[in-house]
Amino acid sequence: MSQQFAGDPHDPRYRSAPPEQREFTTISGEPVRQTYTPADLAAIGFDYARDLNDPGHFPFTRGVHETMYRGKLWTMRMFAGFGSAEETNARFRYLLEHGETGLSIAFDLPTLYGRDTDDPLAAGEFGKCGVAVASLADMEILLEGIPLDEVTTSMTINGPAAAIWAMYIAAAERRGIPRAQLRGTLQNDILKEFTAQNEYIFPPAPSMRLVTDTIEFATREMPLWNSISISGYHIREAGSTATEELAFTLADGIAYVEAALERGLDIDAFAPRLSFFFNCHNDFFEEIAKFRAARRIWARLMRDRFGAKSERSCWMRFHTQTAGCSLTAQEPENNIIRTTIQALAGVLGGTQSLHTNSLDEALALPSDWAVRIALRTQQIIAYESGVTNAVDPLAGSYMVETLTHEMEQRVLAIFAEIEALGGVIPAIEQGYFQRRIADSAYAYEQALSDQRKIVVGVNAFRSDEEPHIPFLNMDPKGEERQLERLRRVRAERDPHAWALALERLERVTAARENVMPALIDAVNAYATLGEITNTMRAVLGEHRALVVV
Amino acid sequence: MLNTVEPNAEVPPRVGPIRVLIAKPGLDGHDRGAKVMARALRDAGMEVIYTGLFQTPEMIARAALDEDVDVIGLSILSGAHRALFPRIFQELRAAGLDDVLVVAGGTIPDEDVAALKEIGVAAVFGPGTPIETAVRFIRENAPNRSTV
Amino acid sequence: MNDRSTVLQQLIEQFERGERRALARLLSLVENEHPVGLSAMAALYRRTGHAEVVGVTGPPGAGKSTLTNALIRAWRTRGRSVGVLAVDPSSSLTGGATLGDRIRMLENWADDRVYIRSMATRGQMGGLSTAVGASIHLLDAFGFDTVCVETVGVGQDEVDIAEVADTVLLLQVPGLGDSIQTIKAGILEIADILVVNKADAAGAAEVVRDLRNMLRLGEQRAWVPPIVETVATEFTGIDNLVSQIERHQAFLSASGEGAARLARRLRAEVARLARRQLTAHIDAVIASNAVDETLIQLETREIDPLSAARIVARIAADRLSESASVAG
């Protein structure tokens with residue numbers, strides 16, 4: 001089929017190829033019909049009250065709130081972090097000054113793996129993909145001058161999530177803000193690390209226990225905090241299709257719910273604080289269908305499978321990030337347009353918060369200039385485009401409803417496969433997710449190779465112009481400053497309180513008690529992230545991944 | 001003395017497939033590119049040894065030595081290449097692996113490419129490089145060490 | 001030719017001094033049937049005969065690599081050096097392969113007395129590549145106390161492994177569907193030790209019971225394969241497994257079974273290599289213009305395909321004996 005037009009799309013044959021010889025599929029490879037009609041809705045037995053219902057009503061296909069963006073715009077939340085705590089703190093203040101409404105902290109790789117800045121494996125990684133936070137001292141500087149009782153904070157951290165959260169809580173309480181007032185989200189989604197992003201520390205079973213500890217702690221003590229952000233974003237970035245992203249994410253969600261129920265928590269006590277995080281790629285309608293199907297599937301799961309009584313338990317609330325993997329290093333200005341299309345799909349899909357990628361992210365860490373354009377993109381959609389006036393404006397579209405239905409059906413089929421393997425963790429151990437993601441990534445790459453899929457400026461419509469965009473320059477003194485602070489923390493802390501806190505942490509970890517109180521004590525005693533992780537690793541073990549090529 | 005039959009002109013010695021080590025140095029867990037590359041090289045008829053994640057320079061050199069690879073592909077997206085690559089080459093030289101073709105892929109800014117080439121990286125395949133470009137480069141530049 | 005013999009001489013000297021690089025190079029040259037490799041084998045074969053060769057096979061997902069990893073640790077604690085060959089299938093379409101992805105995660109990567117090498121089957125008919133046998137000889141000659149060969153249990157490989165290993169471990173694992181029921185005829189016969197890995201998982205007891213029943217149904221043999229339960233990820237049962245391997249080795253030498261097996265194995269190896277020599281010559285003859293006349297006669301139906309084949313075989317056999325006498 002591809003033979004018909006393999007070659008440069010400048011070639012007139014590309015456009016003149018008869019439609020029946022071209023491939024009309026979504027970016028995920030799903031077929032799209034030429035025209036959708038009322039017959040398509042009839043064929044899927046479309047029923048407004050059952051399948052859609054009004055916004056704010058079960059199954060919430062059209063949105064979790066009746067008034068949606070009329071009542072409250074989505075949170076404009078820009079993922080940020082690089083270098084030392086000082087530099088990232090400055091970026092946060094810059095973003096808040098420019099109208100950002102929520103913080104989102106990116107940590108550097110050593111932090112993401114629970115390692116201190118001076119760990120041998122951290123060589124060369126300081127501050128590269130986010131900010132380094134090795135102790136409470138770093139966290140306090142990172143949050144300096146930021147009104148923690150007003151903003152909501154999202155933290156992208158998974159393996160050492162509990163310890164980093166403990167630092168955030170401790171930093172706020174030292175400033176007199178009680179933990180019960182804190183609002184924000186801990187990503188804390190370890191399952192997708194095993195399947196897609198590989199930022200794990202402990203094996204799956206003890207990792208699940210730590211996640212459940214945090215869910216339990218939030219349920220008891222931090223009613224405004226989202227204890228987990230069940231994430232498809234990284235699954236998609238690793239190469240999955242839209243369907244796989246949704247199915248794997250929801251399957252992970254089911255596993256967390258089951259673990260919390262097993263702990264003895266009441267579904268309606270914790271489910272309202274579960275949140276989700278999706279990717280938004282270029283295929284406009286497929287993405288909108290994905291978001292709508294997500295809400296419907298989750299609502300039905302919560303009510304019918306887990307017996308949730310509260311409507312809030314059935315709400316799927318999610319954050320969206322435009323697709324990092326869609327950005328190109330070639331002609332980076334084009335990324336502004338890609339990001340705009342993706343952001344619009346996220347908004348039409350009813351997202352609760354949104355991060356828009358900066359145009360330079362395929363090349364480097366984003367500069368202030370590039371981040372501002374990305375933030376402005378959201379503001380233009382919010383305040384100029386008019387798309388926020390009506391809720392779920394695409395409802396009833398023959399195409400969108402059909403795609404939503406098809407997405408739902410494919411997701412349910414994947415659920416069945418995972419269950420046949422014994423659930424999410426056995427499926428991880430057998431490499432099911434890893435293999436599917438690698439297969440899809442390779443299939444997409446092959447589609448680019450023979451130009452069945454086009455990426456403008458990359459495999460078609462290329463120009464040889466060198467990009468002219470300013471890059472972020474990191475403070476070369478940042479790493480030195482960070483290492484010096486780490487040395488000072490170790491030298492100046494009270495050794496008795498420190499040893500006692502780690503001793504308690506080890507005991508509590510081994511006794512399978514909730515680790516959160518001991519972690520808060522440990523960070524207050526200035527135990528470093530590496531020390532905390534090593535203490536826990538000695539008890540919980542280390543994950544050794546099955547390598548699936 | 002069964003294996004000593006000298007092959008005559010009509011039974012030419014077989015030159016084996018190109019052996020490639022795909023390695024992920026450092027702490028970066030993003031293995032999408034490494035896996036796509038491993039599959040593409042396999043489909044191009046090469047034998048690919050994938051190290052998995054979190055490889056130290058010493059581990060990479062040891063794997064390259066034991067597996068007697070012709071090519072090493074380093075995939076890195078974290079930005080730690082400036083710190084790690086010189087150490088990898090130091091280890092490779094210490095192991096006597098001077099004739100191995102080393103290529104790199106991932107997010108490596110243009111301004112770093114020259115420095116990497118200076119220490120011995122034969123090619124850097126940045127984001128958006130068509131896979132066939134990388135495959136062709138490896139096929140054309142892999143040392144043929146059967147010519148002894 | 002002079003260059004080549006210098007290289008050969010150097011490699012052999014380095015190999016004999018225990019240099020890893022020479023071992024690694026020679027494994028490639030042997031696998032590629034390079035003249036230097038073939039001559040090196042001729043020179044080094046006399047050094048073989050000391051290693052115990054242990055085969056590890058079983059279905060994908062049974063945890064073979066994890067078990068191998070655990071075995072390496074146990075052998076090292078006992079002071080034994082270990083060479084490992086991890087064999088994976090080549091793609092029949094492209095000849096390429098992805099290899100060793102699992103075994104490279106191992107903890108013993110820095111240990112100078114552990115050597116791990118990945119090999120592809122390279123599309124050999126009937127399972128293990130002939131190069132596996134030659135590679136085992138090289139690792140043996142290099143001085144490893146144990147040579148461990150790990151193969152994926154698909155196709156013929158798990159039967160072939162009995163042709164190269166002294167002791168064959170057959171892995172089973174609960175939760176891979178009804179794998180016990182689908183154990184192919186003949187596979188149980190080649191197993192010297194049955195390992196039920198992931199023995200802490202649900203269904204493990206059933207796997208053990210099924211294996212025991214199958215053993216009871218089989219004919220009585222002097223060696224009854226023990227069933228060893230392991231949890232390789234936690235090193236549980238590994239000491240017992242190593243003891244069972246040692247017990248099997250002792251049985252082999254005490255009963256005379258070892259000598260009988262060795263004789264059978266040498267015969268099989270010679271047959272395999274001889275077949276390969278013949279095949280190579282047949283392929284060469286077929287590709288040459290020596291058969292043009294035969295093929296024309298076949299096309300015009302003057303002769304039938306079998307007669308044509310016998311003509312080709314005769315020419316190939318003639319060339320083979322010619323080359324053998326040159327070499328001899």
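Strand β3 (residues 152-156) of chain A is mostly covered, with four of its five residues buried. This is a predicted model, in which local features need pLDDT of at least 70, side-chain atom pairs count only at pLDDT 80 or more, and totals for chains, interfaces and linings use all residues. Residues are numbered from 1 along each chain as its sequence is written, while chains are lettered from A and ligands numbered from 1 in the order in which they are written.

Q: What makes a residue of β3(A) count as buried?
A: A residue is buried if 20 or more other C-beta atoms, placed from the backbone, lie within 10 Å of its own, exposed if 12 or fewer do, and partly exposed in between; four of the five residues of β3(A) are buried.

Q: How do you know that β2 (residues 102-106) of chain A and β3(A) pair?
A: Two strands, which are DSSP runs of E with at least two residues, numbered from the N terminus, pair if DSSP finds at least two bridges between them, and β2(A) and β3(A) are joined by five bridges in the parallel sense. Within this pair, G102(A) stands opposite T152(A).

Q: Which strand do three bridges join to β3(A)?
A: That strand is β4 (residues 184-186) of chain A, which runs parallel to β3(A), and in β4(A) the bridge partner of M155(A) is L186(A). The chain crosses from β3(A) through helix α7 (residues 161-174) of chain A to β4(A) in a right-handed β-α-β crossover, a term used if, with the strands pointing away from the viewer, the path from the first strand over the helix to the second runs clockwise.

Q: Why is chain A called as compact as a globular protein of its length?
A: Its radius of gyration, taken over C-alpha atoms, is 23 Å, close to the 24 Å that the globule rule gives for 549 residues, so chain A is as compact as a globular protein of that length. The globule rule is 2.2 Å times the number of residues to the power 0.38.

Q: Why is helix α2 (residues 57-67) of chain B described as largely enclosed?
A: Nine of its eleven residues are buried, so α2(B) is largely enclosed by the rest of the structure; among the buried residues are I60(B), A61(B) and L65(B). Helices are DSSP runs of H or I with at least four residues.

Q: What is the span of helix α10 (residues 257-287) of chain C, and what is expected?
A: From its first C-alpha to its last, α10(C) reaches 44 Å, close to the expected 45 Å, the expected span being 1.5 Å times one less than the number of residues.
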